[in-house]
Amino acid sequence: MIRLARATTRYVCQACGAVHAKWGGKCESCGAWNTLVEEASPESVPKGLGKGKGKRVDIGTLTERTEPTPRLATGMNELDRVFGGGLVAGSAILVGGDPGIGKSTLLLQATAALARAGARTVYVSGEESDEQVRLRAGRLSLSDAPVGLVSATSVRDIVATLDGGDAPQVLVIDSIQTMYVDSLDSAPGTVAQVRSSAQELIRLAKRRGTVLLLVGHVTKDGQIAGPRVLEHMVDAVLYFEGERGHQFRILRAVKNRFGATDEIGVFSMTDGGLEEVANPSGLFLTDRAEPVTGAAVFAGLEGTRPVLVEIEALVAPTPLGTPRRAVVGWDTARLAMVLAVLDARCGLALAGSDVYLNVAGGLKIGEPAADLAVAAALVSSLTDSPVPQRAVVFGEVGLSGEVRPVAQTEARLKEAAKLGFEKALLPPSRTAQRSPLELIELSRLQDLIGVLGEPAVRSALAR
Ligand code: TYD
Ligand code: MG
């Protein structure tokens, strides 16, 4: 019998973490190209459980009472809300975001706030030198905060330094992509290193009851390098978003074992660091005296909070064979759907037009409830007739052209009224009737055409 030698290398997809025996140009698992990287196999593991006796573990019941988990609050309300009321001891949190968006700034401010409140905190920087971090702290007026500062990238060194009785209560690793374990040959930042480093650090956190905050850079296509491997290893995943040119930054929970997801915290980036924006609902609106075409105010919901945001659209005849679709802050596929429905159900053919869509202020909207507002902005731009003044718009659009009711209608209307809006374009809703706003109910997308002026639409179509 011929026995094959055990393979000593394997190929790991850097996008999804799938392991392949052979190299290939394309990952069979996620379909990404040029992502397979050779890595040393972990030491061969004996088949089954091998030798050795396990020790008995206790079996509990669901009725056993445990104390409510104590939480460590940073005192920064916007941050604590996203965490679900504060940090839970022994938990691991991944904070992802584009390079330069402000992750280091946010976490340095948070650690400083915790340290000032008496918590033992350590900030490990693998990207910047001690001096650079100190300079930043100085700029943020945090120099006096008793934060432990470490500049290191070896996980072995970090664990050796911090694994003791005086382990920190809060540990920041900035960033996980710079960390490495020396038992692996691959370079820092590869999936294997990111995974192993995170594993070791999480083990340390669980053992010592430390809150572990891992910073992760997002790659161009919007994923944290080795995203799937990290996202299921940690207790919470937060994304720090925003447009670099804009001042607002949004911290969003996409997974949270200790709180609600889809909760957001809003910050504004200033010379003195990140400042909390306690009441963001009117932040993404533009103050205009004159009505403009191609803009609609969407009454949205971010987590538990209503947020009003302006959506702008520009529809222009295209000089190109394939018209351009440029979207900032919304889903391209969702835009394609709204355009298709406008075409098929309302007879508004936009196939020969460039379409630009922009959500004001750098906010990213994920709610389907924005469909109607997007449609209103598009139709308004196409027909050059403004959406009724001081009106908010919301509602989900179905493929058949119907406008569907959305959650939390009352909360949306209440916030709109508070900010001085007078009308609302919305799907028919019983709960809305109590609102002081003038309600313009649309059950089909075609009804929108009537609201924006039928003659205008007809003449736009004739053009
Ligand atoms: P940083 O926290 O280094 O981003 P990340 O860790 O996500 O890569 O933020 C860097 C940006 O923030 C930089 O372009 C400058 C800006 N910034 C301010 O505007 N004000 C400040 O007080 C600080 C510290 C940074
Ligand atoms: Mg940084």
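The side chains of Arg134 and Asp130 meet in a salt bridge at 3.8 Å, N to O, where a salt bridge is a side-chain nitrogen of Lys or Arg within 4 Å of a carboxyl oxygen of Asp or Glu. Because Arg134 and Asp130 are four residues apart in helix 3 (residues 130-139), about one helical turn separates them; helices (H or I, at least four residues) and strands (E, at least two) are DSSP runs, numbered from the N terminus. This is a predicted model, in which local features need pLDDT of at least 70 and side-chain atom pairs count only at pLDDT 80 or more, whereas totals for chains, interfaces and linings use all residues. Residues are numbered from 1 along each chain as its sequence is written, chains are lettered from A and ligands numbered from 1 in the order in which they are written, and side-chain values use heavy atoms, with hydrogens and water left out.

**Salt bridges**

- The structure holds 21 salt bridges, and, as a general point, side chains of opposite charge can pair when their charged atoms come close.
- Arg134 is partly exposed, with a relative accessible area of 46%, and Asp130 is partly exposed as well, with a relative accessible area of 26%; buried means under 20% relative accessible area, exposed over 50%, and partly exposed in between (1.4 Å probe, protein chains only).
- Glu128 and Arg136 form a salt bridge through their side chains at 2.5 Å, N to O, and both Glu128 and Arg136 are buried.
- A salt bridge also joins the side chains of Glu367 and Arg412 at 2.8 Å, N to O; the pair links distant parts of the chain, with Glu367 in the loop between strand 18 (353-359) and helix 8 (371-383) and Arg412 in helix 9 (residues 409-418), 45 residues apart.
- Glu367 and Arg412 are both buried, while salt bridges that share partners connect Arg334, Asp371, Glu396, Glu402 and Arg404 in one network.

- An open sheet of mixed pairing is formed by seven strands in the order 17-18-16-15-19-22-23, two strands being paired if DSSP finds at least two bridges between them.
- Strand 17 (325-328) and strand 23 (438-441) are the edge strands, each pairing on one side only.
- Neighbouring strands of this sheet are turned by 25° against each other on average, direction ignored; axes are lines fitted to C-alpha atoms, for helices over the stretch in contact, and angles run from 0 to 180 degrees between N-to-C directions.
- Strand 22 (residues 423-426) pairs with strand 23 in the parallel sense over four bridges, and Leu426 stands opposite Glu441 in strand 23.
- Helix 7 (residues 332-346) packs on the sheet, where it touches strand 17 and strand 18, and its direction makes about 125° with that of strand 17; contact means heavy atoms within 4.5 Å.
- Helix 8 lies across strand 15 (295-302), strand 16 (305-317), strand 18, strand 19 (391-393) and strand 22, and runs at about 35° to strand 16.

- Strand 15 is mostly covered, with eight of its eight residues buried.
- Ala295, Val297, Ala299 and Leu301 point one way from strand 15, whereas Ala296, Phe298, Gly300 and Glu302 point the other way.
- Strand 15 and strand 16 run antiparallel and are joined by eight bridges, with Ala296 opposite Ile311 in strand 16.
- The hairpin of strand 15 and strand 16 has two residues between the strands, and Gly303 takes a positive phi near 65° there.
- With strand 19, strand 15 pairs in the parallel sense over two bridges, and Val297 stands opposite Val392 in strand 19.

**Helix packing**

- Helix 2 (residues 103-116) and helix 3 pack at an angle of about 70° with their axes 11 Å apart, which makes helix 2 roughly perpendicular to helix 3; angles under 35 degrees count as roughly parallel, over 145 as roughly antiparallel, 65 to 115 as roughly perpendicular and the rest as oblique.
- In this contact, Ser104, Thr105 and Leu108 in helix 2 meet Val133, Arg136 and Ala137 in helix 3.
- The axes of helix 4 (residues 155-162) and helix 5 (residues 191-208) come within 10 Å and cross at roughly 10°, and helix 4 and helix 5 are therefore roughly parallel to each other.
- Val155, Ile158, Val159 and Leu162 in helix 4 meet Ser197, Glu200, Leu201, Leu204 and Arg207 in helix 5.
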